[in-house]
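Here's a quick walk through one model, for anyone who wants to look before computing on it. Have the viewer open and follow along.

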Amino acid sequence: MRGEGARLARFSVIGIGNVLEGDDAIGPTVVRVFESRYAAGDDVAVVDGGTPGLDLTAYMMGLEGLVVVDAIKTRTGTAGEVKVYDKKGILNRGPMVAMSPHEPGLRESILHAEFQGVSPPVINLVGVVAGSIEFGCRLTPQVRGAIDGAVEAVRAALQGMGVATVKRDPPLPPDLWWERPQHLPT
Amino acid sequence: MSQRITIDPITRIEGHLRIDLEVDGGRVSKAWSSGTMWRGIETILQGRDPRDAWAFTQRICGVCTTVHAITSVRSVENALGLEVPLNAQLIRNIIISAHALHDHVVHFYHLSALDWVDVVAALKADPAKASALAESISSWPGNSTKELAAVKARLAGFVAAGQLGPFQNGYWGHPAMRLPPEVNLLAVAHYLQALEIQRKANQIVAILGSKTPHIQNLAVGGVANAINLDSPSALNMEKLYKVKDLLDEVSGFVTQCYLVDVAAVAGFYPEWFKYGAGVTNYLAVPDLPIDAKMTRFDLPGGVIMAGQAGVRKIENWNDAFLKANVTESIAHSHYDGDWQRGPWEEETVPKFTGEWKAETAAPQKYSWVKAPRLDGKPMQVGPLAQVLVGFLTNDPLTVKWVSAAISTVKAIHKIDVTPAMLHSTLGRHAARAIRTAMMSELTLKHWKMLVENIGKGDTSIFVDPMPKLQSGSYRGVGFHEAPRGTLSHWCVIENGKIKNYQCVVPSTWNAGPRDGHDQPGPYEAALVGNPIADPKLPLEALRTIHSFDPCLACAIHTHDADGTEHGMVKVL
């Protein structure tokens, strides 16, 4: 995950969600697992975005392509289902990215970027249907089981934007620090 | 006949806040503020290493990440009685201040300006006239006729396509909207420029904090920014000068654009200096420490009671009165029992007694927010509290920018604003702009202090908390004068582990419900007496609530009740 260098990136993968709220952690989890399994070029910023609200606009300004990973709620979906939406689908209301306090966020952030003329031309939302968003640092088994599929959906979305990724062999351990019970290395 | 209005949720930022109003004869007669989610950070932190707490508290709220991180390390440092190296204090101060600059600019232009600005009416503006108006009152370079004409054209394109985009929830054409078309156009132009400016303020946080939105450079005992002016991987001259360049740009916008816009808009709505005072007890804590022992601060703290001129000063973070007299009441909150306790003694046992049903009287327990009190009194916190404390104690920087704001209103509108008028809905906006100007000056000052201190050869950034932490019992509190006001994290540590941890956040002070003596909280009190022209579109209530800058994900000790309803304005 890069910080200050991220603004030089042309593409970004942003995980949205609160790691303290059960399945809402799926966005940050997926981007961290993605980064541990795949190397993307210097022009791809992988960001654990937390629940940035409107600040999300700043993270998408001027990008050529954006992949957002978030917990979603759909009328028909079951927990752990992975669904991919394009920009039109997101702006057409479509899924309610509405589980937690960071909503309204994604749609409004894109609309702000559109109005300013700096919205990424291509945006994909990799949504994972959440089960429980009870307070606490754990995913439900159904949503944990969706990590592999969501990571592959992120890779495919990047590929669709013409961005190549290289599989790490062996993969790095993903930095899911909030799931660890004890002291974090500094 | 009295009418009941429910606004649920009201905030455009994070969190769920519900406001219930009783309107009688076109004015609010009673108001209730309730948070509809709950959060118990202590259930996650109990038993953990206190050195890790900040990484978790940083996730309480996605917008206020930095403030909860800083306050947490301060809390543990206070418990252990640590001194934190000057470099670390200054680096933290610059991060805090840059975050505040970002947050205040976003609040005005992106979250609350729509309460005053009619975006659609900007289409009637003459860009040349707007430019001439702006250039008569400000040297900001973004006000050329060409720039304003381009903004108008872009807006026209969106409206023609039937897409109001981010503005679609505005109250266009509401009778309470009163800006001339040219001022509306200037506001839209500055809204766009503010998007870029807030990003620059955030870049400062990213450079020093090594990442945003979650900074990585903190540690209990200091910071992790290795200082080496010649090393590309450390905090070096190049990074420091990048920070300075960004800061100069942000500062220019704040003083030449934000402060001027607030003065310009305020002068068209002078009656809003009369509404919205509510609770006139104020609390602000000192912040921006300038020594390792934390005895001297650049932002003054103090307590004002009942709008009086006398200020009880808070000199530092070990103020005995403050530590002993902050309590929280759960008389009207969804927790088990009916107590009023200090945060170190609190427990959080939720007990939900049911939703407030439409068209019924307020139930005994109606909010997930607790009601914090100081010495038994509700307190208003936020930029207004801080500016009033500074002004009444003759803090030179505060006095300078209060005077600048007053003379700007006078120059534009030929009306006299007095400091007493700050106790109001518009006063909160004015105070926020004043504070932002102060912060931009102080950030620059602290940048210079940091560069000078490093120049003296001091590269120290950290003291190890472990010798003290590994055994013994400690209680501590970390204070921060955050963008929304006084924030405190209270911790109890036993043998190197967290035993209790409570956050008393600014929006809890302001948005909290009534207490055991039925004293209303600041939101509730500030709404009473507000006019409501159209109960179906209670824009006036939104103005008062937004002037507090609500951020409810932080305010509430917790989580979503149903989470699916949005932007509802119910008229009951």
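What pLDDT does chain A average, and what share of the residues score at least 70?

## Confidence in chain A

This is a predicted model, so start with the scores. Chain A averages a pLDDT of 86, and 87% of the residues reach at least 70. Among the elements of chain A, helix α6 (residues 147-160) has the highest mean pLDDT, 98, while helix α4 (residues 106-116) has the lowest, 84.

Over residues 1-6 of chain A the pLDDT stays under 50, and the model has 15 contacts for them beyond four places in sequence. Residues 95-103 of chain A are also below 50, with 41 contacts in the model beyond near neighbours in sequence.

## The nonpolar core

The largest nonpolar core holds 227 residues, and A:Ala150 and A:Val154 are the ones that touch the most other members. Helix α7 (residues 181-209) of chain B supplies the largest share of this core, 17 residues. In soluble globular proteins, nonpolar side chains tend to be buried together.

Zoom in on A:Val154 and skip its neighbours within four places in sequence: the contacts are A:Val13, A:Val30, A:Phe34, A:Val67, A:Val69 and A:Val126.

## One side of a helix in chain B

Now switch to helix α5 (residues 127-137) of chain B, where B:Pro127, B:Ala130, B:Ser131, B:Leu133 and B:Ala134 are buried. These residues sit on the same side of α5(B), because they cover an arc of only 165 degrees around the axis. An α-helix has 3.6 residues a turn, so residues three or four places apart point the same way.

What do the buried residues of α5(B) pack against? Their partners are α6 (145-160) and α7 of chain B.

## A three-stranded sheet

Chain B also has an open sheet of 3 strands, ordered β13-β12-β14, with antiparallel pairing. β13 (340-341) and β14 (371-374) of chain B are the edge strands, each pairing on one side only.

Strand β12 (residues 326-329) of chain B pairs with β14(B) in the antiparallel sense over 4 bridges. For B:Thr327, the bridge partner in β14(B) is B:Arg373.

## A loop residue

Is B:Ser471 buried or exposed? B:Ser471 counts as exposed, because it has 9 C-beta neighbours inside 10 Å. Look for B:Ser471 in the loop between α13 (466-469) and β15 (473-482) of chain B.

Not counting residues up to four places away in sequence, B:Ser471 touches B:Asn495 and B:Gly496. B:Ser471 and B:Lys497 are 26 residues apart in sequence, yet 9.1 Å apart in space, C-alpha to C-alpha.

Technical notes
Residues numbered from 1 in each chain as written. Chains lettered and ligands numbered in written order. Predicted model: local features only at pLDDT ≥ 70, side-chain atom pairs only at ≥ 80, totals over all residues. Core = buried A, V, L, I, M, F, W, Y, C linked by C-beta atoms within 7 Å. Buried ≥ 20, exposed ≤ 12 C-beta atoms within 10 Å, placed from the backbone. Helix = DSSP H or I, 4+ residues; strand = E, 2+ residues; numbered from the N terminus. Contact = placed C-beta atoms within 7 Å. Arc of directions from axis to C-beta. Pairing = 2+ DSSP bridges. pLDDT = per-residue confidence, 0-100.
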